[in-house]
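Below is a short report on one protein model. It takes the salt bridges first, then the metal site, then the chain as a whole.

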Amino acid sequence: MEDTYILAIESSCDETAAAVVKNGRTVLSNVISSQIALHTLYGGVVPEIASRKHIEKINQVIKEALSEANMELNQMDAIGVTYGPGLVGALLVGVAEAKAISYASGIPLVGVHHIEGHVSANYIEHPELEPPFLCLIVSGGHTHLVIVKEYGVYEIIGRTHDDAAGEAYDKVARAIGLGYPGGPKIDKLAKEGNPQAIAFPRAHVEGCPYDFSFSGLKSAVLNYLHHAEQLGEEVNRADVAASFQAAVVDVLVERTLHAAKEYGIKNVALAGGVASNSALRAGMEAGCKKAGCNLFYPSPIFCTDNAAMIGAAAYYEYKKGVRHGLDLNAVPNLKIGQR
Ligand code: KG4
Ligand code: ZN
């Protein structure tokens, strides 16, 4: 069988990224230009600044991706690009770039759903992983429990009713003065704290066994901090971080394994930025072992935003015959499975 090469582009949030991926699973290059340092100054991603930075960086990032892969543009079989969900101005930079390259070179264009990219990151390092499997998607904007039925075919069985898991991490981090991006900072600080120090709530959504809700937990943390402040008591930030994290991880693990059991699925995967959280990985490892499930997750570099995962997702779309025209637009609220 002939090899298939995808040039992939990702610009949905604060990373400008390009990659070359062979046959959906082999990463030949994975270039990421991060804007985190810039946005840290403002305590979060500033959409206008993100778009401007993408415009500055994208040509160079694509050039580097091709040269690191030791390949020429004309050897590519398709251009894969994230067209949603994400920040509209940021997405438009990648989409416009991909369309321009496709128009000039005649190479077909394949639009990719960002979250489906996160799921597909698991294919890169786990050649044995194939659908069907259960995937817990935990990113800055999404918390979903999905069954990947076939490549590119998803059944959503659980979702958050309010905050995404990563969003809760970022808000709590801000409240305890850790700054942006909050997830990795809480992960680190929690290692010095006691996860049982404070009994934060583990919310169930009535009648929805696989759904999540994190806004009550976030409020409980804020109330705890305000209460201590009013009493003039010193807060042990490491205990707050560890106890908050334990509450998040408990519900994520419990609901995922409940779904695995009910649906009779043995292969469980994690995806998205929060999938690199050490407590989530440890909790899920332990839970899966007990339940007799196999656990898969990408290396941290493939968990946070990158273009290699977009290349992996684009490959399976390309193989199915999906092609987008030059009318492809950014869709900031694109739904999973929407084409
Ligand atoms: O998937 P991602 O890179 O971007 C989105 O598509 O949203 O996820 C970013 C999110 C942020 O909320 C960040 O705080 C969180 O992932 N995150 C973590 C960790 N690393 C990143 N959350 C908890 N622990 C981590 N180690
Ligand atoms: Zn993402």
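**Salt bridges**

Lys218 and Asp163 join their side chains in a salt bridge, 3.0 Å from N to O. The term covers a side-chain nitrogen of Lys or Arg within 4 Å of a carboxyl oxygen of Asp or Glu. Lys218 sits in helix α7 (residues 215-231) and Asp163 in the loop between β8 (153-159) and α5 (165-175), so the pair ties together parts that are 55 residues apart in sequence. Helices (H or I, at least four residues) and strands (E, at least two) are DSSP runs numbered from the N terminus. Both Lys218 and Asp163 are buried. Buried means under 20% relative accessible area, exposed over 50%, and partly exposed in between, with a 1.4 Å probe and protein chains only.

The model is predicted: local features need pLDDT of at least 70, side-chain atom pairs count only at pLDDT 80 or more, and totals for chains, interfaces and linings use all residues. Residues are numbered from 1 along each chain as its sequence is written, chains are lettered from A and ligands numbered from 1 in the order in which they are written, and side-chain values use heavy atoms, with hydrogens and water left out.

The structure holds eleven salt bridges. Three of them are tabulated here, including the one above.

| Pair | N to O distance |
|---|---|
| Lys218 and Asp163 | 3.0 Å |
| Glu167 and Lys171 | 3.3 Å |
| Lys191 and Asp187 | 3.5 Å |

Salt bridges with shared partners link Asp163, Glu167, Lys171 and Lys218 into one network. Glu167 and Lys171 are four residues apart in helix α5, so about one helical turn separates them. Glu167 is partly exposed at 26% relative accessibility. Lys171 is also partly exposed, at 31%. In the remaining tabulated pair, Lys191 is exposed at 61%, whereas Asp187 is buried at 10%.

**Zinc site**

Which residues coordinate the zinc ion (ligand 2)? They are His114 (NE2), His118 (NE2) and Asp305 (OD), at 2.0 to 2.1 Å. Donors are N, O and S atoms within 2.8 Å of the metal (3.2 Å for Na, K and Ca); water is not among the atoms, so sites may look incomplete. The four donor atoms subtend angles of 96 to 128°, which makes the arrangement tetrahedral.

The donor residues follow the spacing H-x3-H-x186-D in sequence. His114 lies in helix α4 (residues 114-125) and Asp305 in the loop between α10 (300-303) and α11 (308-319), so the pair ties together parts that are 191 residues apart in sequence. His114 is buried, at 7% relative accessible area. Asp305 is buried too, at 14%.

**Whole chain**

The protein chain has eleven helices and ten strands. Its C-alpha atoms fill a box of roughly 65 × 45 × 30 Å along the principal axes. Of its 339 residues, 55% are buried. Among contacts (heavy atoms within 4.5 Å) with a separation of 6 or more, 73% join residues 24 or more positions apart.

Leu326 lies in the segment after α11. Its relative accessible area is 45%, so Leu326 counts as partly exposed. Beyond its neighbours within four places in sequence, Leu326 contacts Lys99 and Tyr103.

Methods. Four donors count as tetrahedral if all angles lie between 85 and 135 degrees; four count as square planar and six as octahedral if opposite donors are over 155 degrees apart and all others between 65 and 115; anything else is irregular.
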